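Subject: Structure handover

Hello,

Please find the structure below, with notes on what was found in it.

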Amino acid sequence: MKKRFLLYISLLLNVAFIIAVYFQLDTYELYLFINSDTLYLPLLFRDIVIDHAKDIYWYLPPATCFFPDAAIYFIVSFFIKNFILAKLITGIVLCVLMLVGFWLFLNESVIKISPLYLSIGTNLILLFHIAYLSTKEFFFTFYLTATNYHLGAFVVSLYCLFLAVLYLKNKKIWPLIILLLLYILTFSSDFLTICHLTVPLISLIILLILKRSYRLQAIYLFAVSCLGLISGYWLYQLIEKSSHFNITSMQDLTYLNFNFQNIDKAYSLMLNYHFMFIKAMDVRMIIFVFCIISLVSSMVILIRKLWKYLKGNEIAKDELLELAYLLLIVSQVVVLYIAPVITGIYKGTDQLRYNVYVFYVLIMNYSYLSYKWLLRYGFQKYSYPFSIAIVIFFSIFCIRTLIKTNIKRGSDNLFGHYPDYVKKVDEICQQHNLKYGLADFWLAKPITMLSKSDLRVYQTYFDGCPYPHVVNLNWFYGTEDRKTPPPEFEFIMMNNLNDSLVYKKLENHIIDTLINDDIILVKVRPFIFTRETWSVMTFIDKP
């Protein structure tokens, strides 16, 4: 019981550190947390549940993240009205689920492992939050709590790997049934599941096929993998072809197009960014070095166990499960790390969302490595005081951080986030009685969600044409049956747009140019967009 108590304390510390980080965010980090990309689920929930939109036609991102991200966010949002708080709670839930999923996976793979060792890896995850608190490096915590940025697929993959190992252990069918269900739901929501889950499972299947006694289980796992992929893709197609959704293809997003000629450049970019951690000589360097040690150590142990396995010697089931754990972890890490590089899509630090999970896995893996090291060198009797020492260290750090954190100001700053540019747009629109407008992609959604005047500002290309990316198309054109007419747009926010192209469209329809500091709004005669003319502004003559 005492050992499990340390594990629960470690989990609470993770939650406390996340809160401490988010209560200290400055303007730039808040922009990362609340930007047009991250507002996908809040806008979807608002449109469907709050605004009761009828006959929706949403253009969804390539990774719809319906499961588990959207499912969790929608449940939370039914009880939490502040969408920022709902986003944070969803992120915390996903992070907790990740840690619990890894516990289950490791605990089932290494039968004799104690909760004490599980607490070690759980506590070391806190290094990612300390990275922000000490260096302002926010992306570690951000991706640990970010919805619709592939975290959900990674979390579910840990539960699927746990179920695969559980099936190897007890040979019962029910883990395979649950695995198949999770596989279908997750793959249909995020194709990155191939890296998180499919490749590791294939490596395990190959391992099992090599032994006659495990070939039947290998066949069942292979059948589940194939059925999961086929059914998941079928469900994806079903969503795409429905009358309410259109899923953006990766070909339409140029930054996601595979470019195998870009491998050298992609590899160089990622390597330089990672070497920056070493040069930093701070907690980021510690994280990076820890990850390298974790990977190398795991690969050495894996090679030794594989050699014994391939020599033809019979191994105990406990050893097989441990070998399965190592193979699944190493294969997942390797494929996640190299996938953005070999496809050539790694073109900047924002692409870290595709392989940042390598860091999380390798740090959590210290639960396993600490068990192996202490066991090998005969220090198992020190595992309890060692685990307590780690918990005490991070507890003191956490208490010290929370004492320094102004909780009231931090919560007001986060949950009452009201950027200057939104405030300035609100002031102009209140003064001139404006409601519907157009703006640049990176400005439109935050204005719509954060406006205190209930403004509806929709995104455009740089020339003022509707930009149908992760939006309800009916926001521009009204419903196809005409029961909900298109909105009458009254202004265009010129910031970040091409002035000459927009003014050319407006011609003689400008009523006034409204300026509030650095914000420029052009008030125009009301106009609508129609499906027949698509991007042409149809101006309305009002009496």
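The notes cover a strand and its partners, a cavity, and a helix.

This is a predicted model, in which local features need pLDDT of at least 70 and side-chain atom pairs count only at pLDDT 80 or more, while totals for chains, interfaces and linings use all residues. Residues are numbered from 1 along each chain as its sequence is written, and side-chain values use heavy atoms, with hydrogens and water left out.

Strand β3

Helices (H or I, at least four residues) and strands (E, at least two) are DSSP runs, numbered from the N terminus. Strand β3 spans residues 436–440, and four of its five residues are buried (under 20% relative accessible area, 1.4 Å probe, protein chains only). Two strands count as paired if DSSP finds at least two bridges between them. β3 runs parallel to β4 (residues 456–460), with five bridges joining them; Ala-439 has Gln-459 of β4 as its bridge partner.

The cavity

A cavity here is a set of points on a 1 Å grid over the protein atoms alone where a 1.4 Å probe fits but cannot get out, and lining residues have an atom within 4 Å of a point. Grid points are joined across faces, edges and corners, and the volume is the space filled by probe spheres set on the points. There is one cavity of 30 Å³ or more, and the largest cavity has a volume of about 40 Å³. Its lining consists of Leu-43, Lys-445, Thr-448, Val-457, Tyr-458, Gln-459, Val-471 and Trp-475. α21 and β4 are the elements that give two or more residues to this lining, and β4 gives the most, with three.

Helix α3

Helix α3 (residues 40–50) is largely enclosed by the rest of the structure, because eight of its eleven residues are buried. These are Tyr-40, Leu-41, Pro-42, Leu-43, Leu-44, Phe-45, Arg-46 and Asp-47. Leu-43 is also among the residues lining the largest cavity. The cover over the buried residues of α3 includes α21 and β4, along with β1 (58–60), α4 (66–79), α5 (83–109) and α22 (474–477) (contact means heavy atoms within 4.5 Å). Just after α3, His-52 has a positive phi of about 50°.

Regards

How values were computed:
Buried < 20%, exposed > 50% of the residue type's maximum accessible area, 1.4 Å probe, protein only. 1 Å grid on protein atoms, 1.4 Å probe; cavity = no way out; pocket = protein on both sides within 12 Å on 5 of 7 lines; lining within 4 Å.
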